[in-house]
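Hello,

Here is the structure I promised to pass on to you. Have a look at it first, and then read on for what turned up.

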Amino acid sequence: MNYAYYPGCSAKGSSADYEKSTQAVCGMLDMNLVDIRDWNCCGSTPAHAVNTELSAALCARNLDIAAQQGVQKLLTSCPSCLSNLRHAAKRMEDPAFHARVDELLDNPTALKFPAVTSVMQGMAAHCDADEIGRHVRRNLGALSLAPYYGCLMSRPAEIMDFGDPENPTLMESLLGACGAKVLEFPLKTSCCGASYGIPEREMTARLSARILQLATDMEADAIIVACPLCQMNLDLRQKQAANSADARFNMPVLYFTQIMGLAFGLSGDDLGLDKLRVGADGLLLKIEQAASAQRGSAEGGKA
Amino acid sequence: MKDTIDLGKKRDDAFITEVEAHSGQKFSTCYQCGNCTAGCPAGFAYDRQVNQIMRGVQLGLRDKVLNSRSIWMCLSCSTCSLRCPNNIDVATVMETLRHMARKEKRVAVPKVEKFWFSFLDTVRAFGRSWEIGTMALYMLRSLRVFTDLDLAPEALKKQKLPFKPHSIPDGGAAAVTRIFKRYRERAKREGVRP
C-alpha cells in the first residue's frame, strides 16, 4: 500500500540510517513510502523561534504540494517536522494568518491540507501487533530496551495527538510486538537539549547525560529513539555528555526502526547500523547468544 | 538589591496587552504555583526562572523580561504548558517574548540567534537544511572556530554528515529562496527586524 511521505532534511544527512531502516521495515510491512515532490525544509526550531509566519510558510509549501497531489494522509519520521507541519496546519485555519502566510508564497495555498502523522502511528494504523509478530525472525527477548520519545513527539497534546503527553506507550507496543523486554523509562519524554549542542553545549550535554545515566542505571541494553536530533545528542555527543557528568557511558542508541529491523531478521547493512557511534555489535551478540542457548536447551530436551 | 521588583514604578500596560495579543494567552490567571519552573529542564541556565518571567509579564516589566537570558535558553519542550493548572501555554508566552525581544534588537544570548540564522541560511540557499553548512556559518558568525571539533573524527569516519548540500531538484530551492526574500521585504516594510 502506498503512503505519501515527507522525509525531512535529516533523512538526507545525519539520520540517513533512520531513513534506510524506516524504508526497510515499512517495506516488509507492505507500506510503500512515496516522497511528495519538491519537498522543502520545515524550518525546524530556528524558523519558529525567529518568526511564526516564516515557519508556517515553509511548512505550508509542503502541505500545499501534498494537497495538490491529492494526498489525504502524509507520514513523516521526524518529530520536529511533524510538530512544525501540524502546528502550521492548525494555525492556517485562521483566515487572517492564512492570508499573511500566503503573501510569502508563490501562490495561495489550499484551504484544506492533508492530515500529517508520524510513521510510528502510521505503522500502528496499518497493521496490528500480531502482524508485526509474524515478521519476527530474531528473538529480542534477551534485550532490555529503554524507549525514549523526546519532548516533541507527544507535546503539545492537543496538536500532536500522540496519547498521554508525558507517558506515550506506542513505541513500547511496537517493541513488545517484536518480543523485546521494554523498560518503564521515566525520562521518556524529557528534553535531550535539542539543537543547543552547537551554541550552548553544556545545556545539551547536561540534559542528555541525565537520560544516559538513568538508562545505564536501569541496565538498559540500548536506548530506542524516534528523533534524529535525540539520536545525535545521545549517540554522537555521548562523550560530551559523559564529560559533563564526569561519568562513562557505553550506551547504544538505535532508532525504533533499526531495532524492529533487527527483529525482522534484516542485516546491519539494511539498517545503516554502521552509522552508530556506539555500535550495536554487543546487542547482536546478546541476541545470538540467547538464540544458541535456546537451541542448545531445545536439543538437550530432545536428547 | 538588584533583583527586587520595584512596585512603585508604573507598569507598562502596552507591554501586557501586546504579549496577550501575540501569544493568545490569558496569563492573568497565573497564581505562581511554580509548576512551570519545577518541570523546566533548562532552568539551570536561566537568569530568571519561568514563573518569575510570568510574574514579570503580569506586572508589565518590559525591560526585565525582554532582556532576560531565559527567553533564549528555553528549549520549547512545552513541559511548562503541559503542567500549568490554569492551562496557560507558557511555552508560547516564552516564544512570543523571544519574538518581541528580537524585533526590538534585544538579544541577550547572541550565540543562540547566530545558530538559528546559520541554519536558516542553508535552508534559504538550498531549500533544505545542511548540517556542515550550518556549522561552518555558525563558526564564521560566532568566531568560535573550535565548536564541536571533537566530534569531527567520528562524524567523518562514519560519514554521518554529508559534505554536499541536498538541494531540492527542479527549481524548488529557488521557490524557498523567494519565501525568505518576501519575508525580509515585508519585515522591512513593516519596520521590524526580520
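Does H1(B) pass H7(B) in a left-handed or a right-handed crossing, and which of the two would you pick by eye? The crossing is right-handed. Please keep in mind that this is a predicted model.

Staying with that pair in chain B, helix H1 covers residues 13-23, and its axis lies 9 Å from that of H7(B), at an angle of about 115°. On the H1(B) side, the residues involved are Glu18(B), Val19(B), His22(B) and Ser23(B). They meet Thr92(B), Val93(B), Thr96(B), Leu97(B), His99(B) and Met100(B) of H7(B). Sorted by class, this contact has five polar, four nonpolar and one charged residues.

Chain A has a helix pair to look at too. Helix H3 (residues 52-68) and helix H4 (residues 79-91) of chain A have axes that come within 9 Å and cross at roughly 95°. H3(A) and H4(A) are therefore roughly perpendicular to each other. H3(A) brings Ser55(A), Ala56(A), Cys59(A), Ala60(A), Asn62(A) and Leu63(A) to the contact, while H4(A) brings Asn84(A), Leu85(A), Ala88(A), Ala89(A) and Arg91(A). Here the classes are seven nonpolar, three polar and one charged.

Finally, the two chains touch each other: 41 residues of chain A and 48 residues of chain B take part. Among the elements giving two or more residues to the chain B side are helix H7 (90-103) and helix H11 (172-189). H11(B) gives the largest share of that side, eight residues. By class, the chain B side has 25 nonpolar, 14 charged and nine polar residues.

Enjoy exploring!

Best wishes

Note on methods. Residues are numbered from 1 along each chain as its sequence is written. Chains are lettered from A and ligands numbered from 1 in the order in which they are written. This is a predicted model: local features need pLDDT of at least 70, side-chain atom pairs count only at pLDDT 80 or more; totals for chains, interfaces and linings use all residues. Axes are lines fitted to C-alpha atoms, for helices over the stretch in contact, and angles run from 0 to 180 degrees between N-to-C directions. Helices (H or I, at least four residues) and strands (E, at least two) are DSSP runs, numbered from the N terminus. Angles under 35 degrees count as roughly parallel, over 145 as roughly antiparallel, 65 to 115 as roughly perpendicular and the rest as oblique. Two residues are in contact if their C-beta atoms, placed from the backbone, lie within 7 Å. Ala, Val, Leu, Ile, Met, Phe, Trp, Tyr, Cys and Pro count as nonpolar, Asp, Glu, Lys and Arg as charged, and the others, Gly among them, as polar. A crossing is left-handed if the near helix is turned anticlockwise from the far one by less than a right angle, and right-handed if clockwise.
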